[in-house]
Amino acid sequence: MENKFSVYIETYGCQMNLSDTEIVSRVVKNAGYDLVDSPRKANVVLLNTCSVRENAERKIFERLSQLKKFKQNGEPFVIGILGCMAERLRHKLLEETQVVDLSVGPDEYRKVPELIQKAFAGEKGIAVRLSRVETYDDIEPLRKEGISAWISIMRGCDKFCTYCVVPYTRGRERSRPLNSIVNEVKKLWDEGYKEVTLLGQNVNSYRCPQSNADFADLLKACALAVPKMRIRFVTSHPQDMSDKLIETIAEYSNICKYIHLPIQSGSNRILELMGRNYTFEHYLGRIEKIRSLMPNCALSTDIIAGFPTETIDDHQATLRALEIIRFDGAYMFRYSPREHTKAYKMPDDVPDKEKIRRLNEIIDLQNKISKEINETEHNKIHEVLAEGPSKKDKTKWQGRTDTNKVVIFEPKRNVATGELIRVKITNSTCATLFGKIVD
Ligand code: SF4
């Protein structure tokens, strides 16, 4: 059927959502729709949403009220919600907002074109069934040109941490076949990509549905298939961070020496309430193993401040954990209760003001540690993958070290995007390194 739909997709939330947007883009493109880069050029706007924190959802409601004006100028205009919020709020979005025409959960993206057609015919559409098998393995993501690509290797999560909506909004864990992922890495290299990030909510529990290969096997296969491709991965779970996996990361030089390993709290009592299935001692053991094989491996983490019943002692245990481990960086949040989760039924008894105070204490300490660690990089030479002009200062360039640190440098000579260059670090802040090309 001929159509004249122009689709604009706006993405919120995590890298999984960015990767999903590439899948939806391919689905709508294959259906013959144009993809445009602004809502003004579109007659279909899709918001790919996140439900992890209340604030993320609030942003979407604000955005919906801004988009309302496009519906009021007389031309047919369709607004759709994709992703976790569509899954979580379902009919509510359609009924209460009066703006949303379709609501599509993470496992139903193949239906987006059909639902757009129906929406233009005046029918509101909802597709939120979660699947135990959908991995979109046969859909080639429609990526923007660049040097870094995401590869979604699995979907969903079976961990059911008590604060997290992901198992409810993205469903149960399922993995793509190893061969298909390795072929995608090879194809991306042929297309000019220099770095891939293997994505999953918990990549450590990857299992090839055909060969039963685990995540360490997958990393090794990718590293061997394209020895010059930089390979990254996110996110890891401390419970599944096996010795075999750590040894594999250490063995291959093109597997980046950067691990994001969420700790969430330094208190064993809180970790148990969070349903994380490890203790601080276990976590520390994983860090020691990583550092014994890869002394220069960069580490980052996630922290939640003010989980239900968290006492000052629990909070102090988190601060102590940061001091003992000394992460290169951290994503730090205050606890936000999410409906349907187990923690939602726990007393949210740390007052907001106190949550913010604890969070600020965590942020201040972590920033101090990050700054100190970055200062130890001064005068060292790093191989940096050049990404392009710096966003803040166009006279400078930016790139990333193997350890995932952003480096701003002066392009003394013509530098090409995707080139690996040697940069001597001369200065730093807690978030950025600065340096000079040395060759
Ligand atoms: S591991 Fe826990 S926090 Fe991470 S996505 Fe799964 S349930 Fe959520």
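Strand 4 (residues 78-83) is largely enclosed by the rest of the structure, because 6 of its 6 residues are buried. Buried means that 20 or more other C-beta atoms lie within 10 Å of the residue's own; exposed means 12 or fewer, partly exposed is in between, and C-beta atoms are placed from the backbone. Strands (E, at least two residues) and helices (H or I, at least four) are DSSP runs, numbered from the N terminus.

This is a predicted model: local features need pLDDT of at least 70, side-chain atom pairs count only at pLDDT 80 or more, and totals for chains, interfaces and linings use all residues. Residue numbers start from 1 along each chain as its sequence is written.

Two strands pair if DSSP finds at least two bridges between them. The table lists some bridge partners.

| Residue | Bridge partner | Strand of the partner |
|---|---|---|
| Val44 | Val78 | strand 4 |
| Leu47 | Ile81 | strand 4 |
| Gly80 | Leu102 | strand 5 |

Strands of a sheet pair through backbone hydrogen bonds, either parallel or antiparallel. Here the sheet is open, has 6 strands and pairs in parallel, with the order 2-1-3-4-5-6. Its edges are strand 2 (34-35) and strand 6 (125-127), each pairing on one side only.

Together with strand 3 and strand 4, helix 2 makes a right-handed β-α-β unit. Right-handed means that, with the strands pointing away from the viewer, the path from the first strand over the helix to the second runs clockwise.

**The whole protein**

The protein has 13 helices and 19 strands. Its radius of gyration is 22 Å, close to the 22 Å that the globule rule gives for 439 residues, so the protein is as compact as a globular protein of that length. The radius is taken over C-alpha atoms, and the rule is 2.2 Å times the number of residues to the power 0.38. Along the principal axes, the C-alpha atoms fill a box of roughly 60 × 55 × 45 Å. Of the 439 residues, 43% count as buried.

Contacts span the sequence. Among those with a separation of 6 or more, 72% come from residues 24 or more positions apart. Two residues are in contact if their C-beta atoms, placed from the backbone, lie within 7 Å.

**Domains**

Domain 1 covers 6-127, domain 2 covers 148-375 and domain 3 covers 381-437. These bounds come from an automatic or database domain assignment. The C-alpha centres of domain 1 and domain 2 lie 29 Å apart. Their contact takes 13 residues from domain 1 and 14 residues from domain 2. On the domain 1 side, helix 1 (15-30) and helix 3 (84-89) each supply at least two residues. Helix 1 gives the most, with 4 residues.

**Cys297**

Cys297 lies in the loop between helix 11 (280-293) and strand 13 (298-305). Cys297 is partly exposed, with 19 other C-beta atoms within 10 Å. Not counting residues up to four places away in sequence, Cys297 touches Lys257, Tyr258, Ile259, Ile290 and Arg291. Ser19 is 278 residues from Cys297 in sequence and 26 Å from Cys297 in space, C-alpha to C-alpha.
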